[in-house]
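Dear colleague,

Please find the structure below for your files.

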Amino acid sequence: MSEQPRRPRKPGKPYRRPQKDPVRLLAFEALRAVDERDAYANLVLPPLLRRAREKEGAEKFDARDAALATELVYGTLRRQGTYDAIIADCVDRPLREVDPPVLDVLSLGVHQLLGTRIPSHAAVSASVELARVVLGDGRAKFVNAVLRKVARDDLDGWLERVAPPYDEDPEDHLAVVHSHPRWVVSALWDSLGGGRAGIEDLLAADNERPEVTLVARPGRATTDELLREEAAVPGRWSPYAVRLSEGGEPGAVEAVRENRAGVQDEGSQLVALALANAPLDGPDRRWLDGCAGPGGKAALLGALAAERGAFLLASEKQPHRAGLVAKALDGNPGPYQVITADGTRPAWRPGSFDRVLVDVPCTGLGALRRRPEARWRRRPEDLEGFAPLQRGLLRGALDAVRVGGVVAYATCSPHLAETRAVVADALKQHPGADLLDARPLLPGVPALGEGPDVQLWPHLHGTDAMYLALIRRTS
């Protein structure tokens, strides 16, 4: 069989196979999972990092690579709104007509150009190389052209160009500058009150990388033990909190591996502590966590209950989340039980408990630091979907507590429709209940407002924006 003659090469540069960069390829895969599967970055990223270490080896994919990949993913997601406005100014078509994978590569490139210290030429060339690998040479040329336009100015210059003036449209200005949907800016501003400085500080805090906070579960671990870790510093407000400075890995902490300690935001710890320390009229033997998944508050409540000889019932509607609760409580030193049940259709008799916690499902607008993609997924109409459930769970909690007992209503959202509106409706429908002043139960914590309920804030307290109302059953 005769050999076929080779097709002559066209004059010009010889073809070069694109080079795969494991860090940027991993970041791109994470963004695609977030976009295509509505995945959460904090769940997608760890297995991708683990796979990269196994595939490349620890020498070729080290801690610095993992840190860069993490920054690229979270930084791109946090600033997505800002970067979209900048990219839109650099393309000749509506952004919705740009293929999502191309937009992900562009956003990664823009973050490297405007949000990191990576030199411009390196950011552009690395992004174009990524485009060649995942998109092909044709679309890589498009990526190159757009990023070269972006590289002509810094972030401040671009914001001056693409954000409307504050005086003309304050909410839209803040939405573009701080990368939040306009409706979220409006809702947070209403909840926070005050002038421009407060809302700008809050939105800026939402775009900062949150610290990892550990909780030493009483009777099982101590803060002194956790503080012996190299990257550990004391918590700000909770006596059981220890913060890990940048680079601290919770999985490397022995007490965490042994389930004697856990990862838990300090705001969540304060909610559990406030309920545990609220004054009661009468006995203190039976506690209920009515929305216990995934188990962080239940584990702390269970440990606190054990110190007093009290029993904790942890109830969770979703079976897989009930499994997480059981795992979190495994080894608790006192009596407890985990059940799968619906708090709006109680599996217990009315008036059975002395203390009840309902940390209700919500929009999660208080945890945008940790789940930056949530701000782009949520819609104002989501509030209508959560409202009946939140009200039903609080009614169920008030029925579950005995006269003289206390209910803690908590949610990781500062939106007034999910906080004070829910509590106000419940008190109207349940006249035999009164609000307690929750502020004295958070000793040392500043800027708690006029009360009697409490709203925590990332920019004021360094916590998620947890809301807490304490309600005593009086009849």
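The notes begin with the basis of the analysis and then turn to the findings.

This is a predicted model, in which local features need pLDDT of at least 70 and side-chain atom pairs count only at pLDDT 80 or more, while totals for chains, interfaces and linings use all residues. Residues are numbered from 1 along each chain as its sequence is written, and side-chain values use heavy atoms, without hydrogens and water.

Strand β1 (residues 212-216) is joined to β4 by 3 bridges; Ala-216 has Ala-261 as its bridge partner in β4.

The whole structure holds 2 aromatic pairs (ring centres of Phe, Tyr or the six-membered ring of Trp within 6.5 Å; planes under 30 degrees apart are stacked, over 60 edge-to-face, the rest tilted). Trp-348 and Phe-353 are edge-to-face, at 6.0 Å centre to centre and 85° between the planes. Tyr-409 and Tyr-467 have ring centres 6.3 Å apart and planes at 70°, so this pair is also edge-to-face. Tyr-409 belongs to strand β9 (residues 401-411) and Tyr-467 to strand β12 (residues 467-473), so the pair ties together parts 58 residues apart in sequence.

Yours sincerely

Terms used. Two strands pair if DSSP finds at least two bridges between them. Helices (H or I, at least four residues) and strands (E, at least two) are DSSP runs, numbered from the N terminus.
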